[in-house]
Amino acid sequence: MPEVHAGTAALTAGDSADRFRLVQGRAECSFARHSRLVGGPVQDGPDAFAAGRSVAAALRAFTDRVEADRLDGFVVELADPAHGGTTEAVATTTRAVLAGILAADGDAEAAGLAEAGQEHWWFRACGTRWFVLVFAPAYGPESPRHTFGSPSTFVLLQPVAAFDRYARPRGTEIAQTVREDIRTRYAATGRPYDADLAAQNVEALKFVWPQGPTDPPIRWWERPGSPSPTEPALAPASALPRSTSSDPTPNAPLDPTPSTSSDPTPSTTLNPAQSTALDPTPSTSSGPTPSTTLNPAQSTALDPTRSTALGPTPRSPLAPIPSAPSDPTPIPRSPRDPAPSTPSDPIPRSPFDPAQSALLAPTQTATSGSTLNSPLHPTRSTPSDPARSAPLAPPRNAAQDPTPGAAQDAAGYHAESPPAAWDATAALLRAVAVVSVTGTAVDRETARSLFAGLGGLGLDGPHRQVRLYTARSDVALPEGLRPAHPLGAPEEDVFRLALAAACPAAPWPEGPVDGAALTDAVRTLAGRIGCRVPTLAAVAALWLLRSLESADPDRHRWILRRLVWLTDPQVADATRLMSLLTGPGDPLVRLTVPAPAADGCPGTDDEEPLPLADWHRPAAGPGDERRLGGRVLAVRRHRRWTFADLSWSGRSTQLALGAEQSVRPRPGDLLAVRGHGGRSRGGTPVLFVDEVLQHRPTRSARTPGRAAPAVGGVAEAVNAVKPRLAAQGFEEMLSPVLSGGFFGGASRPFTTRHAARNRPLYLRVTTELDLLRRLAEGRTRVYEVGPSFRNESLRGDAVKEFAMLEAYAADLRLDGMADLVARLVTDVLDETRAPRRTAFDDAFAETSGVHPADEAGVLRLAAEHTPDTLSRTADPGVLVQRLWRGTFRHRLPGVALIDRIPGPGSPFIAGEDRAARRVWLSVDGVELAEISVNERDPDRLARRLAEQFRTDPHPVHRDYRDVLETFADGVPPCVGVGLGLERLAGLRDARRRPDAPEEEPRR
């Protein structure tokens, strides 16, 4: 077993994390490529249970280093191809590996998996909660779980606590904008994932993904065909059945034993919290089975006791055959005490894999051995394998729907095309010129954004060019759908064939669109041909631009709004894009009201306020009555009790609702109760609910965030800082957020436009220059708190918008300002340890065991922790800085003021390199602030700025003339500080966050 080192494992030829890098490097998540993964030796045997037992010791060692080394995941590699040849094998292997880990951890009966089907369940082993992702060769290249040619199956275990590092403030949910960006990136590479399945609250369903987004979720924790929890250890992977399908589609899942039920299950939509009818056992009923989507409002909630007699699982008409049968027999709960409580809804999604789903796998839908002849489809023969060619409950007669055959023929025709790239940018810019020559006026800013947006859409390539199937003369198409050019993107065939299938009269937008037919056609075509959303948007934009010149004013406006929407459609899959584009509504306006909750929702005219006054009273002691209202953040259901975390205004309490209470709260609900205080068996304060006063179920599919500190994270930190600064004589200033020039060093700005004056404006990165002007005007101590912006990639702890405190004093020296800031921070954090001063070299040696002057030692550290940087440079100075920022700064304990810092600093800081007049403030490994003396010589400052911008990577206005004039007027000697308030709030929150385990209460 290899030693687990800080930041990574000792990488050898047999190290799983090393071999997993091929998959990690292809991830589109902005966090994934920088994630710190550790792995043990490759498990090359057929017994997955034994593999799980084998890695348990290394996993325990990993958990000891997670926080100190900021580790993100542990990789288990199973090299036997039988482990991951089918999704059925993947499900069985996953259960065996996790059961083996539990067995080595003292749970020989795998009781820890008994409640995997419950909401907010996590895999718990080695004293840690884990999120698990499985990558296997069973998943094709259209799936986010693809292994890119590796025959191994990889089980990635991520400690849930590590997710906190990727949310700001720490411990909150990762921003929705970040999730949307990740989803868009995956969709752009042809590997979209199902956001609905990712959002639902049964975490175990995200461990092993079905082949396609319409397949039922895989209940991997259930033993197929065995109702007894005392079943002997699972069979080794080599004993698993293998696929014998003759269909050429790779990695076809096994066809499980069908159900004999003929009762069709109604169509539903999968809810993030509760879902019904997710029984993965398929039906062989001759009756049609409606297609299924996963829905927020159903209340039977993935109950493992659900009987298959309720009916067959609904499936999409084009869905692949489900991959893993699941036995519905309930698994007894663990006799052990309930697990410790931590607010678990929502946990920021995995940095490595935000619970993605595979793109719909290509599936043939045709009558066995038949030939399809249609206007869209030349005569061809169809494979006769009954397991793959039988129609799967189509909404229309499959023999009358030519789309699947056309999709297969088009894909084959594209495959014969020579490799080439489609110049989408040139095509779009030629076509968009019509905007300036139409009779209908278009305002300047709309035209500017349209030109820029369509040009950017073309740049979002590369776009593949093929011979268009729809350009063939032997493919009959409705009038107007034949392309003018024989070459184009494959997405153009998807677009035209989908319209041909969905427009019974004239092609859209001249004629109406059958929405259901369009959805089915796009799903089938995109699954077989492949479809990138940016390319499909470019094709749709070209289609609309050609009709713009002859449009009347009303139609002109209608087309223009859709063109603007196409430049930023904010959708991640082709089906959604086509539905919104051709739908009756305006795609730029989203006004969908969530459906009412399953158990009803009171009217919005209810004016009775929530009982909030008791939140300000001391916590209820035994027998004390309290009336509390707030929002439910998390729910944990046990045998006799339901526990709910109720929160309001940063305060929270744990409720205990007995079986006599008819209300079943869900995360997000508004709830008001009357109850009395008590304690659990472990002494945790609990409010026992005597009466539910109000219950307003949530109608939103979104899940609430974890409880924040009082007044909300950063706001509380600001409220704590401001009076302390005022007591030290600092005056608060307010500077503009938008400016005509950009003063952010060499960083990329956020740019917008002033429409009336037709000029660019920039979001600020710093308030430094305005504060220096205030000093030059004659003020002594000034500060400002507010947002700053960085338009850069999400690397490390950087965020695009962050709250900063910047302050300057004209009457303090560097040491005095450093002491003042350290006292301020320790006071806000209630820190009792005194600040200590240390040089950078000493801090590096303390945390790494190697002094920066030891070049050989630095090279060893770089080979272990930053091999990518070492491959680019062997400069010890560069390596020391990279090692510090990436690994060792997080290990520095206590409150430390670090000086004599190597490397370049801001041009506005006096001094160079280690002689630069600056100090870092670190608290338990988190760098909170930089304190520095300002450079005041305008000539020296101008030379530094000119040198910095000599290789400026971003062509933007950087007008520093007014800045240099300010310094020429005479800025007094001064010292300043920049302090990150998100980091301060995160530290404050972490120190005050309660760890209240849910337990069986006692009255």
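Biologist: How many salt bridges does the structure hold?

Modeller: The structure holds 40 salt bridges, where a salt bridge is a side-chain nitrogen of Lys or Arg within 4 Å of a carboxyl oxygen of Asp or Glu. Before we zoom in, a word on the ground rules. This is a predicted model, in which local features need pLDDT of at least 70 and side-chain atom pairs count only at pLDDT 80 or more, while totals for chains, interfaces and linings use all residues. Residues are numbered from 1 along each chain as its sequence is written, and side-chain values use heavy atoms, with hydrogens and water left out.

Arg 19 pairs with Glu 77, and their closest N and O atoms are 2.7 Å apart. This pair links distant parts of the chain, as Arg 19 belongs to helix H1 (residues 16–25) and Glu 77 to strand E2 (residues 73–78), 58 residues apart. The element names come from DSSP runs numbered from the N terminus: helices are H or I runs of at least four residues, and strands are E runs of at least two.

For all the angles I quote, axes are lines fitted to C-alpha atoms, for helices over the stretch in contact, and angles run from 0 to 180 degrees between N-to-C directions.

Within the sheet, E2 and strand E5 (residues 153–159) run antiparallel and are joined by five bridges. Val 75 stands opposite Leu 156 in E5.

Cys 126 sits in the loop between strand E3 (123–125) and strand E4 (128–135), and it has a positive phi of about 55° although it is not a glycine.

Helix H8 (residues 424–432) and helix H9 (residues 444–459) have axes 7 Å apart and pack at an angle of about 160°. H8 and H9 are therefore roughly antiparallel to each other, the word used for angles over 145 degrees. Their contact is made by Ala 424, Thr 425, Leu 428, Leu 429 and Val 432 of H8, together with Leu 450, Phe 451, Leu 454, Gly 455, Leu 457, Gly 458 and Leu 459 of H9. These divide into nine nonpolar, three polar and no charged residues. In this grouping Ala, Val, Leu, Ile, Met, Phe, Trp, Tyr, Cys and Pro count as nonpolar, Asp, Glu, Lys and Arg as charged, and the others, Gly among them, as polar.

Helix H12 (residues 533–545) and helix H13 (residues 553–567) cross at roughly 160°, and their axes come within 10 Å. This contact involves Ala 537, Ala 540, Ala 541, Leu 544 and Leu 545 of H12 and Ile 559, Arg 562, Leu 563 and Leu 566 of H13. Its residues divide into eight nonpolar, no polar and one charged.

One more spot for your viewer is the peptide bond from Trp 508 to Pro 509, which is cis, with omega near 10°. Pro 509 lies in the loop between helix H10 (490–502) and helix H11 (515–529).

Finally, look at a hairpin. Strand E9 (residues 641–648) and strand E10 (residues 651–658) pair in the antiparallel sense over eight bridges, with Leu 646 opposite Thr 653 in E10. The hairpin has two residues between the strands, and Ser 649 takes a positive phi near 55° there. E10 also runs parallel to strand E12 (residues 685–696), joined by two bridges, and Leu 655 stands opposite Leu 687 in E12.

Terms used: Angles under 35 degrees count as roughly parallel, over 145 as roughly antiparallel, 65 to 115 as roughly perpendicular and the rest as oblique. Contact means heavy atoms within 4.5 Å. Two strands pair if DSSP finds at least two bridges between them.
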